[in-house]
Amino acid sequence: MIEIERKFLVKDHRFENEAVTSRTIKQGFLSTDPKRTVRIRVEEHLGFITVKGISTDGGISRFEWENTLSKEAAEALFKLCLPGTIEKTRYVVPIGTIHFEVDVFYGRNLGLIIAEVELSDPDQVFEKPAWLGAEVTGDKKYYNASLSQFPFKDWGE
């Protein structure tokens, strides 16, 4: 139940040629408190509820609990979510022995592309593809809960 994950910006769309799957995701948040983020997600025909704890190790790891819901139950829970829905397409890209999940955001976060990699150990070494950009692990503005409240299009950078 401890998630170990690193996040990176993505330089370009070359990853799409290496992707083995993709799916659309819509998510909202019942709570964006960093100590206990509660997310509702719909991926294709399934729903999920996820609780995440506070990040440790510079943002690399945190407690995560997830359970499957029916799509109908998840859609109903969206009515209780805070304003600010996340919309994205997630691509799964195998590189060596690991899989990157690359999120291409839409709506208020259009233009943002983030790659995540889940690891078995915080110090695990892995191959970094040429399309991988700067690491943003631990930078809270790239957390989906933050993006729902302070979207990429409003950053003005």
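User: Which residue forms a salt bridge with arginine 62?

Analyst: A salt bridge is a side-chain nitrogen of Lys or Arg within 4 Å of a carboxyl oxygen of Asp or Glu. For arginine 62, the closest N and O atoms of the pair are 3.9 Å apart. The pair links distant parts of the chain, 59 residues apart, with arginine 62 in strand β5 (residues 61-70) and its partner in strand β1. That partner is glutamate 3.

User: What is left out of the side-chain values?

Analyst: This is a predicted model, in which local features need pLDDT of at least 70 and side-chain atom pairs count only at pLDDT 80 or more, while totals for chains, interfaces and linings use all residues; residues are numbered from 1 along each chain as its sequence is written. Side-chain values use heavy atoms, and what is left out is hydrogens and water.

User: Are arginine 62 and glutamate 3 buried or exposed?

Analyst: Buried means under 20% relative accessible area, exposed over 50%, and partly exposed in between, with a 1.4 Å probe and protein chains only. By that scale, arginine 62 and glutamate 3 are both buried.

User: How many salt bridges does a search of the whole structure find?

Analyst: Side chains of opposite charge can pair when their charged atoms come close. The search of the whole structure finds 16.

User: In what order do the elements run from the N terminus?

Analyst: Helices (H or I, at least four residues) and strands (E, at least two) are DSSP runs, numbered from the N terminus. The protein has two helices and nine strands. From the N terminus on, the order is β-β-β-β-β-α-β-β-β-β-α.

User: What radius of gyration does the protein have?

Analyst: The radius is taken over C-alpha atoms, and the globule rule is 2.2 Å times the number of residues to the power 0.38. The C-alpha trace spans about 40 × 35 × 30 Å along its principal axes. With 157 residues, a compact globule would come out near 15 Å, and the protein agrees, so the value is 15 Å.

User: Of contacts between residues at least 6 apart in sequence, what share join residues at least 24 apart?

Analyst: Contact means heavy atoms within 4.5 Å. Among contacts between residues at least 6 apart, the share joining residues at least 24 apart is 62%.

User: Which side chain makes a polar contact with the side chain of glutamate 116?

Analyst: Glutamate 116 lies in strand β8 (residues 113-118) and counts as buried because its relative accessibility is 7%. A polar contact is a pair of N or O atoms within 3.5 Å; within protein, one must be able to donate a hydrogen and the other to accept it, and residues adjacent in sequence count only if both atoms are side-chain atoms. Here the distance is 3.3 Å, and the pair is also listed as a salt bridge. The partner is lysine 7.

User: Which strand holds glutamate 43?

Analyst: Arginine 23 forms a salt bridge with glutamate 43, with the closest N and O atoms 2.5 Å apart. Arginine 23 is partly exposed because its relative accessibility is 21%, while glutamate 43 is buried at 13%. The pair ties together parts 20 residues apart in sequence, since arginine 23 lies in strand β2 (residues 21-31) and glutamate 43 in strand β3.

User: How much accessible area do Met1, Ile2, Phe63 and Trp65 have together?

Analyst: Patches are made of residues with over 30% relative accessible area and no salt bridge, like charges being joined within 9 Å and nonpolar side chains (Val, Leu, Ile, Met, Phe, Trp, Tyr) within 5 Å. Areas come from the Shrake-Rupley method with a 1.4 Å probe; for residues, only the protein chains shown count as cover. Isoleucine 2, in strand β1 (residues 2-10), is exposed at 57%. Together the four form a nonpolar surface patch of about 430 Å².

User: Which residues does leucine 110 contact, leaving aside neighbours within four places in sequence?

Analyst: Leucine 110 is found in the loop between β7 (98-105) and β8. Its relative accessibility is 56%, so leucine 110 counts as exposed. Beyond those neighbours, leucine 110 is in contact with Phe105 and Phe152.
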